[in-house]
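Please read it alongside the sequence and the model.

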Amino acid sequence: MPGYGRADSEWEELVHAGRGFLVERATRGELTTYTELNVALAEQTGCRPFNFERADERAAMGHLLGLIVERDQELAPSEPPVMLSALVNYEGSNDAGSGFYQLAKDLRLLPLSASADEKFGFWARQVKQLYALHGPDSVVA
């Protein structure tokens, strides 16, 4: 798991804290932004925040979100699979980033040739499923 200038132990902390933060957001029925997630991770772990002005640091955040999705499926498998990263949007946007859709394609949850409308519909369904799975009326959080 090492990479992007971070040790394995740091990635473990970030995955754990990031998953917890996103599950809490799903429980409250809320989306978040990359910036809010970044601040929460730095506060909760003491790890250095990601510097979004650098392409490699933006890629590292994408890598982290992929690890969070993977860990979430290990700890709380769902059918159909849900991606916690669906809750993370760009500031001022109401849609996921391109990395979310690429991961969905890699996981075979979204066709490689998906149109913009298909992508948006997939994202909206993922968000609804996350709220249903983790929301206040769910049995397991």
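The points below are grouped by topic.

This is a predicted model, in which local features need pLDDT of at least 70, side-chain atom pairs count only at pLDDT 80 or more, and totals for chains, interfaces and linings use all residues. Residues are numbered from 1 along each chain as its sequence is written, and side-chain values use heavy atoms, with hydrogens and water left out.

**Helix H1**
- Helices (H or I, at least four residues) and strands (E, at least two) are DSSP runs, numbered from the N terminus.
- Just after H1, Gly-29 has a positive phi of about 70 degrees.

**Leu-31**
- Leu-31 lies in the loop between H1 and E1.
- Leu-31 is partly exposed at 27% relative accessible area (the class between 20% and 50%).
- Its C-alpha atom is 8.4 Å from that of Val-127, 96 residues away along the chain.
- Its contacts (heavy atoms within 4.5 Å), not counting residues up to four places away in sequence, include Trp-123, Val-127 and Tyr-131.

**Nonpolar core**
- A nonpolar core is a set of buried Ala, Val, Leu, Ile, Met, Phe, Trp, Tyr and Cys residues joined through side-chain atoms within 4.5 Å.
- The largest has 38 residues, and Leu-22 and Phe-100 are among those touching the most other members.
- H1 gives the largest share of this core, eight residues.

Definitions and conventions. Buried means under 20% relative accessible area, exposed over 50%, partly exposed in between (1.4 Å probe, protein chains only).
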